[in-house]
Amino acid sequence: MKILLIEDDKLLSEGIKSSLMQRGHQVECFYDGEQGLLAMEALPADIIILDLNLPKLDGFDVLSQARAKGVTTAVLIITARDAISQRIKGLDSGADDYLVKPFIMDELEARVRALYRRANGRSSNEVIHRQIRIDTQARQVFLAQEAVVLGRREYDLLLLLLDNKAKVLTRGQIEEKLYEDEPLSNALEVHVHNLRKKLGKDLINTVRGVGYIVAA
């Protein structure tokens with residue numbers, strides 16, 4: 001998934017980014033409230049991780065302004081402010097979850113996964129489609145109970161299509177989600193071809209001139 005991280009402590013920010021990227025996520029970092037607000041408005045993301053103690057614009061103001069401007073992406077607040085009143089204020093400002101520093105990365109990533117499941121209408125770590133089962137926590141894919149090895153981009157594409165089952169995703173929508181940090185060329189077609197080869201040629205349907213769909 002794609003994550004925006006708005007945290008002014010660059011050492012902590014790099015540590016979080018490194019850990020989340022090792023777990024297969026894409027992470028973009030911003031270091032003050034003004035940058036963060038612009039990123040929340042302009043950049044596509046699945047989850048936003050937001051610190052409260054930010055220069056230029058406080059995290060509460062960033063969140064309330066973003067919500068007022070129509071940003072609906074799930075937001076996880078991370079902060080050293082552990083008073084109950086601060087937690088309530090954060091949630092009332094539009095946050096979806098609140099994690100107090102210091103925290104361990106396993107808990108942060110678990111909360112990120114939970115927010116993503118909630119945003120995509122899932123209640124568990126499993127995604128099931130026909131004979132395909134995905135364990136999103138372990139990033140493992142099974143076909144008829146047999147493990148299937150997928151590359152990182154193949155996995156991300158499969159999960160994106162299954163989370164939007166019965167919807168046509170345009171090439172632009174998919175590339176915006178998955179390929180922003182690498183040359184496009186024919187990468188999408190290659191990954192679709194590989195998924196069909198590994199999981200069944202009828203898994204992904206091409207809508208000519210538009211994009212791709214996984215039928216319900």
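Predicted model: local features only at pLDDT ≥ 70, side-chain atom pairs only at ≥ 80, totals over all residues.
Contact, in this talk, means heavy atoms within 4.5 Å. With that in hand, I can start with Thr73. Thr73 touches Ala45, Asp46, Ile47, Ile48, Arg67 and Asp96, leaving aside residues up to four places away in sequence.

Where is Thr73 found? It is in the loop between helix H3, residues 59-68, and strand E4. Thr73 counts as buried, because its relative accessibility is 18% and the cut-off for buried is under 20%.

Arg81 sits in the loop between strand E4, residues 74-79, and helix H4, residues 84-92. Is Arg81 buried, exposed or partly exposed? Its relative accessible area is 22%, so Arg81 is partly exposed. Not counting residues up to four places away in sequence, Arg81 touches Leu52, Asn53, Asp58, Phe60, Gln86, Tyr98 and Val100.

Next, the helix pairs. Two packed helices are described by the angle between their axes and the distance between the axes.

Helix H2 covers residues 33-42, and H2 and H3 pack at an angle of about 25°, with their axes 10 Å apart. H2 and H3 are therefore roughly parallel to each other; angles under 35 degrees count as such. Their crossing is right-handed. Which residues make the contact? From H2 they are Gly33, Leu37 and Met40, and from H3 they are Val62, Gln65 and Ala66. By class, the residues in the contact of H2 with H3 are four nonpolar, two polar and no charged.

The next pair is H1 and H5. Helix H1 is residues 10-22, and the axes of H1 and H5 come within 11 Å and cross at roughly 65°. The crossing of H1 and H5 is right-handed. On the H1 side, Ile16, Ser19 and Leu20 take part, and they meet Met105, Leu108 and Glu109 in H5. The contact of H1 with H5 divides into four nonpolar residues, one polar and one charged.

The last pair is H6 and H7. Helix H6 runs over residues 152-163 and helix H7 over residues 171-178; their axes come within 11 Å and cross at roughly 130°. That angle makes H6 oblique to H7. H6 passes H7 in a right-handed crossing. In H6, the residues in contact are Arg153, Asp156, Leu157, Leu160 and Leu161, and they meet Ile174, Lys177 and Leu178 in H7. What classes do the residues in the contact of H6 with H7 fall into? There are five nonpolar, no polar and three charged residues.

Now some points about the backbone. Most residues other than glycine have a negative phi, and most peptide bonds are trans. Here are some exceptions.

The peptide bond from Lys101 to Pro102 is cis, with omega near -10°. Pro102 lies in the loop between strand E5, residues 97-100, and helix H5, residues 105-119.

Arg130 is not a glycine, and yet it has a positive phi of about 55°. You will find Arg130 in the loop between strand E6, residues 126-129, and strand E7, residues 132-135. Arg130 counts as exposed because its relative accessibility is 54%.

Arg139 also has a positive phi, about 55°, although it is not a glycine. Arg139 lies in the loop between E7 and strand E8, residues 140-143. Is Arg139 exposed or partly exposed? At 24% relative accessibility, Arg139 counts as partly exposed.

I finish with Ala147, in strand E9, residues 146-148. Ala147 counts as exposed, because its relative accessibility is 59% and exposed means over 50%. Ala147 touches Val141 and Phe142, not counting residues up to four places away in sequence. The C-alpha atoms of Ala147 and Ser13 are separated by 34 Å, and along the chain these residues are 134 residues apart.

That is the tour; I can go back to any of these places on the screen.

Notes:
Residues numbered from 1 in each chain as written. Heavy atoms only, no water. Helix = DSSP H or I, 4+ residues; strand = E, 2+ residues; numbered from the N terminus. Buried < 20%, exposed > 50% of the residue type's maximum accessible area, 1.4 Å probe, protein only. Axes fitted to C-alpha atoms, helices over the stretch in contact; angles between N-to-C directions. Parallel < 35°, antiparallel > 145°, perpendicular 65-115°, else oblique. Left-handed = near helix turned anticlockwise from the far one by under 90°. Nonpolar A, V, L, I, M, F, W, Y, C, P; charged D, E, K, R; others polar.
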